[in-house]
Amino acid sequence: MDERNYNSTPREGGERERRQPPRRPRRRKKRLTGLGVLLYVTFVIGVSMLLAALGWVWANDVLALNKEPHSAIITLPESVFTTKEVKVTKDGKVTEPRKVTVADMDYVVDLLKEEGIIEYKMLFRIFAGLSHADQKLTPGTYELNTDMDYRAVVTNMGSRSSSRMTVKVTIPEGYTLAQTFQLLEDKGVSTVAKLTDRAANYDYGFSFLENIPLGDARRLEGYLFPDTYEFYMGEDSKTVLNKMLVNFDRRLTAELREDIAERGLSIHDIVIIASLIEKETDGEDQKKIASVIYNRLNSDKTNGKLEIDATVQYALPERKAKLTLEDLKIDSPYNTYKYPGLPAGPIANPGMAAIRAAIYPETTSNYWYVLGNDGVHHFFSNYDSFVNFKNSLS
């Protein structure tokens, strides 16, 4: 044992006295001076005030407090939406994943900031993540304003939004499918590309479409009933087309369907004939023209050829002011100069008057007609009379 650290002195009786090691002096704790206390308190108060100010500023944005009045039109296109699988928890158990449509929130947040609806993108992203906002949004065009808090902004971009903008579109009788799609795009309802894809590939559950194969958008030609519709701007193309198909289905009553069956024709045949009538005239001559069509289909005089210019126009890439002899020779199932019988399908979307004319034609012996200089159709049962009148037109 080291005697330098543990010295002892003898006591009487032979006992040695143990000496305690020297104690180190205690250090005194440094105390803040008056200036230090002041600086510390100032720092704490400053940080608190900064956090309070930030909290108030953020609260203004989240809760839409004291914001300058401003409104903006926000469009969420279908292209920013995708489908993903999410797990659903019910009664404490995780069920099978289900597919949901979600929005690209980076796109949405940037758009809201750019249009002045929100101030802080990071704050809105946090809110969107906590509230699953990406699953609540719907494609469309919406009118938003700065009176809406974050929750209202999300709600007003959903399917039940009262801020979702609508537009009325009148589709004229006799418009083709291509013209109808272009009109809907011009009005901001959908795009030609999306409508064309849906028309070609979506299997709508209507009996009148059962025997028309998928793959070609013209499968819906004739069935997009011309009328005035109210659509959401940016509406799902499937819903847009379904509205017009539902209208056609409703207009074609059970009585009309029975009368079509009694004629020994299908609904598709009637729609084709009605589309020919619609493109040939929109006047009082529709039932007379229907009579000519039926007479030509069932006569050896015409070899079953309808020879209707409108069918050739439909087959051409672009409509012409006047057809040439070469145009009449085009090899197309829609060319009724070349092939007997009805064309391959409807050439336009007929209105109700043309459909009824196709079902209830007049009974005549006419096989030809021509539009005179007087703006009236002239009908003939004799070919020579028809030719002479046609040649007399200037």
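This is a predicted model: local features need pLDDT of at least 70, side-chain atom pairs count only at pLDDT 80 or more; totals for chains, interfaces and linings use all residues.

I started with what lines the largest pocket: helix 13 gives the largest share, five residues.

The elements that give two or more residues are helix 9, helix 10, helix 11 (309–315), strand 11 (368–371) and helix 13 (383–392). By class I noted 19 nonpolar, four polar and nine charged residues in this lining. For the volume of the largest pocket I wrote down about 1,200 Å³.

Then I went to the second largest pocket, with about 350 Å³ of space. Its lining has 15 residues, with Thr176, Ala178, Gln179, Gln313 and Tyr314 nearest the centre. Helix 5 (177–186) and helix 11 are the elements that give two or more residues here. I got seven nonpolar, three polar and five charged residues for this one.

Last entry: how do helix 9 and helix 10 cross? Their axes, for residues 267–280 and 286–297, come within 10 Å and cross at roughly 125°. The two helices are therefore oblique to each other, and the crossing is right-handed. On the helix 9 side I listed Ile270, Ile273, Leu276, Ile277, Glu278 and Glu280 as making the contact, and on the helix 10 side Gln286, Ile289, Ala290, Ile293 and Tyr294. That contact has eight nonpolar residues, one polar and two charged.

Key. Residues are numbered from 1 along each chain as its sequence is written. Side-chain values use heavy atoms; hydrogens and water are left out. Axes are lines fitted to C-alpha atoms, for helices over the stretch in contact, and angles run from 0 to 180 degrees between N-to-C directions. Helices (H or I, at least four residues) and strands (E, at least two) are DSSP runs, numbered from the N terminus. Angles under 35 degrees count as roughly parallel, over 145 as roughly antiparallel, 65 to 115 as roughly perpendicular and the rest as oblique. A crossing is left-handed if the near helix is turned anticlockwise from the far one by less than a right angle, and right-handed if clockwise. Contact means heavy atoms within 4.5 Å. Ala, Val, Leu, Ile, Met, Phe, Trp, Tyr, Cys and Pro count as nonpolar, Asp, Glu, Lys and Arg as charged, and the others, Gly among them, as polar. On a 1 Å grid over the protein atoms alone, a cavity is a set of points where a 1.4 Å probe fits but cannot get out, and a pocket is an open set with protein on both sides within 12 Å along at least five of seven lines; lining residues have an atom within 4 Å of a point. Grid points are joined across faces, edges and corners, and a volume is the space filled by probe spheres set on the points.
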